[in-house]
Structure formats: structure tokens, C-alpha cells
Amino acid sequence: MATTIMTAEEHKARTSRSYKLLLWFAMASMTMMFAGITSAFVVSKSREDWMKDFHLPTAFYFSTLAIVLCSVTFHLAKKAIQKDNRAATTNFLWATLALGIGFVILQFVGFRQVMEAGYYFTGPESNIATTFLYVIAVLHLAHLAGGLISLLIIIYNHFKQKYNSGQTLGIELGAIYWHFLDFLWICLFLFLYFFK
């Protein structure tokens with residue numbers, strides 16, 4: 001019986017494919033969850049107590065810009081490490097973290113703006129429309145928390161010099177996930193904007 005010995009490069013390629021496949025499965029399941037919530041949102045619009053004149057808070061517009069810029073800086077970090085430019089990679093990873101935290105802060109500012117306008121997410125004064133907004137935004141924030149934790153791990157590994165032009169898997173996986181979060185938020189934002 002012949003045995004095959006896997007080279008280091010083959011092992012690295014197989015590991016990379018496995019991790020990417022797992023990430024794609026996770027993102028697909030998240031997409032299905034949000035698809036279910038947005039479907040419930042559409043069905044609920046026929047309720048008599050649905051609020052027709054609700055407008056998204058202005059902070060959500062700025063948070064959308066922040067998360068788009070997160071994708072840009074993460075992409076630039078990936079490109080920089082592929083060229084072994086450690087200083088640029090460091091700067092772009094820190095910028096991604098700052099923008100990610102900015103996104104979270106702006107989401108909470110948006111929640112405050114909604115409440116200041118007299119709309120509440122829970123309790124007797126709440127409305128089903130604002131409750132849906134709250135659920136969608138909080139679930140996205142929960143997934144973003146995972147992105148921030150993974151980004152902190154990537155930054156830590158970067159400072160431990162685990163990434164270089166020949167080893168970029170961690171940064172690649174992080175960038176894929178952040179692009180997904182970016183795309184997901186833009187879809188949710190447009191959905192809430194046009195189907196309120």
C-alpha cells in the first residue's frame with residue numbers, strides 16, 4: 001500500500017481551504033438568519049400598528065460610512081502584508097479597529113437618536129417597527145463584536161510577527177469576514193431605508 005506524504009505547502013494550502021470553507025459556512029448561516037428576520041419585517045408591515053413615518057437616525061448614515069472604510073483599511077492591510085510592509089500593515093489594522101469601534105459608538109448614538117425622537121424599542125411605549133430595527137442592529141453588532149475580537153487577535157499575531165508575504169491566512173480570513181459584515185450592514189441599511 002502506497003502512502004503519500006504531504007509537503008508543507010500542500011498542508012498549508014489544505015488548511016487554508018478548510019478555514020475558508022468553515023468561514024463561508026458561518027457567513028451563509030448568518031445570512032439565513034438575517035433573511036428570516038427581514039422576511040418577518042416585511043410580513044409585519046401589514047399590521048395596523050406599523051409606523052409608516054419612521055426615519056432612520058442620522059448616526060446610522062455615518063456608521064455605514066465607518067464600516068465601509070473598515071473594509072477599505074482591512075483590504076489595504078492585507079495588501080501591505082503581502083508586500084511585507086509591516087509598518088503600513090500595522091497602521092491599516094489600527095485604523096480598521098478604530099473605525100470598527102467608531103461604527104459601534106455610532107450605532108448607540110443612533111439608538112439614542114431614535115429614543116430622543118420619542119420612539120422606544122421595548123416596553124409599553126415601543127412600536128413593532130422600532131423593535132425590528134433594534135433587533136436587526138443589535139444582532140449585527142453581536143456579529144461585529146466577533147469581528148472586533150478576531151481583529152484584536154490578528155493585531156496581536158501581527159505584533160508577534162506571525163504574518164508575512166508567505167503567511168497571510170489570518171489577515172485574509174479577517175478581511176473576508178469584515179467585507180461580509182460591511183456588505184451585510186449595507187444590505188440591512190438599504191432594506192430598512194427603502195422598506196420602512
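## Overall make-up

The chain has 5 helices and 0 strands, where helices (H or I, at least four residues) and strands (E, at least two) are DSSP runs numbered from the N terminus. Read along the sequence, that gives the pattern α-α-α-α-α. This is a predicted model, so local features need pLDDT of at least 70 and side-chain atom pairs count only at pLDDT 80 or more, while totals for chains, interfaces and linings use all residues. Residues are numbered from 1 along each chain as its sequence is written, and side-chain values use heavy atoms, with hydrogens and water left out.

The C-alpha trace spans about 70 × 45 × 25 Å along its principal axes. Of the 196 residues, 39% count as buried; buried means under 20% relative accessible area, exposed means over 50%, and partly exposed is in between (1.4 Å probe, protein chains only). Take the contacts between residues at least 6 apart in sequence: 83% of them join residues at least 24 apart. Contact here means heavy atoms within 4.5 Å.

Two packed helices are described by the angle between their axes and the distance between the axes. Axes are lines fitted to C-alpha atoms, for helices over the stretch in contact, and angles run from 0 to 180 degrees between N-to-C directions.

Helix 2 (residues 58-82) and helix 3 (86-116) pack at about 165°, their axes 8 Å apart. The two are therefore roughly antiparallel; the cut-offs are under 35 degrees for roughly parallel, over 145 for roughly antiparallel, 65 to 115 for roughly perpendicular, and oblique for the rest. Their crossing is left-handed, meaning that the near helix is turned anticlockwise from the far one by less than a right angle, with clockwise giving right-handed. The residues in this contact split into 21 nonpolar, 9 polar and 1 charged. For these classes, Ala, Val, Leu, Ile, Met, Phe, Trp, Tyr, Cys and Pro count as nonpolar, Asp, Glu, Lys and Arg as charged, and the others, Gly among them, as polar.

## Helix 2 against helix 5

Helix 5 covers residues 169-194, and its axis runs 9 Å from that of helix 2 at an angle of about 160°. That pair is therefore roughly antiparallel, and helix 2 passes helix 5 in a left-handed crossing.

On the helix 2 side, the contact residues include Phe60, Tyr61, Ile67, Phe74, Lys78 and Ile81. Helix 5 brings, among others, Glu172, Trp178, His179, Asp182, Trp185 and Tyr193. By class, this contact has 15 nonpolar, 6 polar and 3 charged residues.

## Helix 2 against helix 4

Now for helix 4 (residues 128-159): its axis comes within 14 Å of that of helix 2, and the two cross at roughly 25°. That makes helix 2 roughly parallel to helix 4. The crossing is left-handed. Phe60, Ile67, Phe74 and Ile81 make the contact from helix 2, and they meet Leu133, Ala137, His140, Leu144, Leu151, Ile154 and His158 of helix 4. The class count is 9 nonpolar, 2 polar and no charged residues.

## Two threonines in helix 1

Thr38 sits in helix 1 (residues 8-44) and counts as buried, at 15% relative accessibility. A polar atom of the Thr38 side chain lies 3.0 Å from the backbone oxygen of Ala35. Setting aside neighbours within four places in sequence, Thr38 is in contact with Leu188 and Phe191.

Thr31 is also found in helix 1, but Thr31 is partly exposed, with a relative accessible area of 35%.

## Positive phi in the loops

Asp84 isn't a glycine, yet has a positive phi of about 60°. Asp84 belongs to the loop between helix 2 and helix 3 and is partly exposed, at 42% relative accessible area.

Gln161, another non-glycine, has a positive phi of about 60° too. Its place is the loop between helix 4 and helix 5, and at 57% relative accessibility Gln161 counts as exposed.

Conventions. A polar contact is a pair of N or O atoms within 3.5 Å; within protein, one must be able to donate a hydrogen and the other to accept it, and residues adjacent in sequence count only if both atoms are side-chain atoms.
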